[in-house]
Amino acid sequence: MILELAGVAAGYGSKTVVSDLSFGVEPGQIVALLGHNGAGKTTTLKTVMGLIAPRAGEVRFDGQALGRMPVAERVARGIRLLPEGRGIFPDLTVAENIDVVAARTGAQGAMLKPADVYALFPVLDERRATRSGSMSGGQQQMLAFGLAILGTPRCLMLDEPSIGLQPNLVERLFGQVRDVCRAHGMAALLVEQNVAAAMGLADRVVIMNNGRIVFEGLPEEARASNVWHYF
Amino acid sequence: MDYFYSYLILAEIYVLLGLSTNLLVGVVGIFSVSQAAVFGVGAYIVSDFLLSGTLSFLPALAVAAVACIVLNVLLTLPSLRVSGDYFVVTSFGIQLLATAVFTNWTGGTGGANGLPGVPPPDLFGFPLEETRQILGFTTVAAGLGCLAFWLAMRAPYGRLLKAIREDELAVAAAGKDVLRAKVSAAALAGAFAGVAGGVYATYMSFIDPSSFDLDASVLLLTMVVVGGARTLAGSIVGPFVLLALPQLLQLVAIPTTVAASARQLLYGVLLIAFAVFRPQGLAGERL
Amino acid sequence: MSAYLEVSGVNQRFGGLQALNDCGFAIAQGGITCMVGPNGAGKTTIFNVITGFLRPDTGHVAFRGRRLDGLRPQAIVAAGIARSFQNLRLFVDLTALENVLIGLPSGFGEAPLGALFRPFHTARLDRARRAQAMERLEHVGLADRAAEKVRNLSYGEQKLLTVARLLATGAELLLLDEPASGLAAGALDQVMALLRRLQGEGKTLLVVEHNTRVVQQIADHVLFLHQGHLMAEGTPAQIIADPALAEIYFGGAL
């Protein structure tokens, strides 16, 4: 297991949003985290990232409990989050965005480099000098994804990456996630409302309802099960 | 006892200023650091009319209020063009400019020497010379100010202003006139500051630029932060707490020479402490 | 006869980028028109032009035969066109009900003098407005969340709330920017049912949407925008079956 949650509970203020979460992700594996809006998926990702502290249980990465490790340290170890909404620097140009992140994520060996991002999204190549905040919503989403995979994280968490993307780009982006996972052993934890696409991509499926896990298993088991009334 | 009354009078005058600043900065989100300049203009206008004997107190106060309405609208207009950080810089410049005018235009303001001997306020020919009479007057004035703030905030108008603070573009998309709402809020804030200035001048009977400088503007912001943004309670608590502190400092035996800087130091520490540890202030919301 | 909404010859440049390039189309009253096209095709930009947030370099927008040139956003809402935003732009510190109240046409007590000098009149009229806003919330199924601050609503509820706020304006032509994106299947069905119900109540809808299933299910007519220009239009079936469009947009079956 590269990432493992054991009995994790978390929330905001006096409200506990998720509780008793236990599941794991293997290297090279894609796990889809599904559930209705408000089921606690984003809260789960934020807890792994260290943006909120767990109230109970433990998040382990590469066998080591993360405790209250700061976000930057988690990133340095290879955990990455593509946040819901857009994780870009809107006042920087496309190229500046990519260079800033590339400089922080190293460039050894076979890891994904800026050139790979431009190859994946040619429109970003054309817009290198454009202020990123002035691009269309979908283009900003492409850039955010490009930033998330730079340097090839060991565990990439994607929070609704398909929002606002044209259909064929969603396919291309998902294909890219699969390729990186297979080729580099990257683990991926995918939160997605496009359930059909996510199930097609994932090796395992975790379904949440009201802050708890109600199903965990293979996509075909999920299809055959009776969990769909949760959606 | 007079000592305590004078604290109450000053605090009530600053409640009017706190309402003015809270309306602009807390409610609408126009981050002005020049509210003391408007306060000063109100004070000088009333003083000049009373010293020259041209107008009596209430008409002078009315003229000051109108002048400060116009002035505050003009000062706020840049916020329609430039937003956020840039407006703060613009507003900072306006405050410095105002201090320069107060200090150098000796004809109107007495310059750095100030204007001594401003007559006490009078109501329809009855001068308010006793401290308790003035306290009664400021209590009524502050009470009316609070009532106006409360009525405005609970009306659709207050809701509109709060929405503008959150997202101007969405307010425009909902079909509202953002410009008109902002201008009217600036006008209301200007009226409060102008009246506060006039009352302040007549109560103190002496004014000089040091009461209307950048420090004074920052003090007003500190009152909003410490009291709490957007609430009536916050606008009242802030001035009462902050003006009580110098009084408490006097109980500690420190030389008068360092008292002023000790006060500034204390205000600064409070501002930082509240911003970091209690951004909602004592009785309000986050700025 | 002139069309209900007619956009003609609109050009818009941002620096070196031609965002809209001789963009023109018309939509009929009473239908649901979906606007699709690659990211960056200019869909949101044309929304901004129609609703007065952008003044195009050239071209015109006419609504019910009347030119909207140079009108400010609030005048365009008054003329009967309102829009929602991709990123919602709700007032998150206000309650759900207050958000809808802001959407209602301006009434008494929204200017300071009325609020200060006729407080009882203001309060009475505001009670009536609250009842009206409550109806809009009921319309989208959020009545039980009325007093909740928006930041505590789920994403699906927030999406429904943007529609309620839009409805409150009383506009007859509603422009919706990705109303279904990011919604789980249940909430998605809710939003689609709501849009169809609005059509049944006489509203005309222009919807930007990437979800092909949604487009197939709700659209009477589809506009395909590419590089700031109307590249094709037709029924959903025609557009989806077009091999050229599949190549640049739809891809394989999702």
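Predicted model: local features only at pLDDT ≥ 70, side-chain atom pairs only at ≥ 80, totals over all residues.
User: How many disulfides does the structure hold over all chains?
Analyst: A disulfide needs two cysteine sulfur atoms within 2.5 Å. For A:C181, the nearest cysteine sulfur belongs to A:C155 and sits 9.0 Å away, so A:C181 is in no disulfide. B:C146 is in none either, with the sulfur of B:C68 as its nearest at 19 Å. Over all chains, the count is zero.

User: Is B:C146 buried or exposed?
Analyst: The cut-off for buried is under 20% relative accessible area. B:C146 comes out at 13%, so the class for B:C146 is buried.

User: Let's move to the interface. What is the area buried between chain B and chain C?
Analyst: The contact draws on 25 residues from chain B and 35 residues from chain C. Carbon and sulfur atoms give 64% of the buried area. On the chain B side, B:R159, B:E166 and B:K176 lose the most area to chain C, together 26% of what that side buries. The area for the chain B and chain C pair is about 2500 Å².

User: Which helix gives the largest share of the side of chain B that touches chain C?
Analyst: Polar contacts between chain B and chain C come to nine residue pairs. On the chain B side, α7 (131-154), α8 (156-166), α9 (168-173) and α10 (178-204) each supply at least two residues. That side divides into 15 nonpolar, two polar and eight charged residues. The largest share, eight residues, comes from α8(B).

User: And B:G29: is it buried, exposed or partly exposed?
Analyst: B:G29 lies in the loop between α1 (2-28) and α2 (35-52) of chain B. Its relative accessible area is 41%, and the class between 20% and 50% is the one that applies, so B:G29 is partly exposed.

User: What separates the C-alpha atoms of B:G29 and B:G238?
Analyst: Along the chain, B:G29 and B:G238 are 209 residues apart. Their C-alpha atoms are separated by 18 Å.

Notes
Residues numbered from 1 in each chain as written. Chains lettered and ligands numbered in written order. Heavy atoms only, no water. Contact = heavy atoms within 4.5 Å. Buried area = accessible area lost by both parts, 1.4 Å probe. Polar contact = N/O pair within 3.5 Å; in protein donor to acceptor, adjacent residues only side chain to side chain. Helix = DSSP H or I, 4+ residues; strand = E, 2+ residues; numbered from the N terminus. Nonpolar A, V, L, I, M, F, W, Y, C, P; charged D, E, K, R; others polar. Buried < 20%, exposed > 50% of the residue type's maximum accessible area, 1.4 Å probe, protein only.
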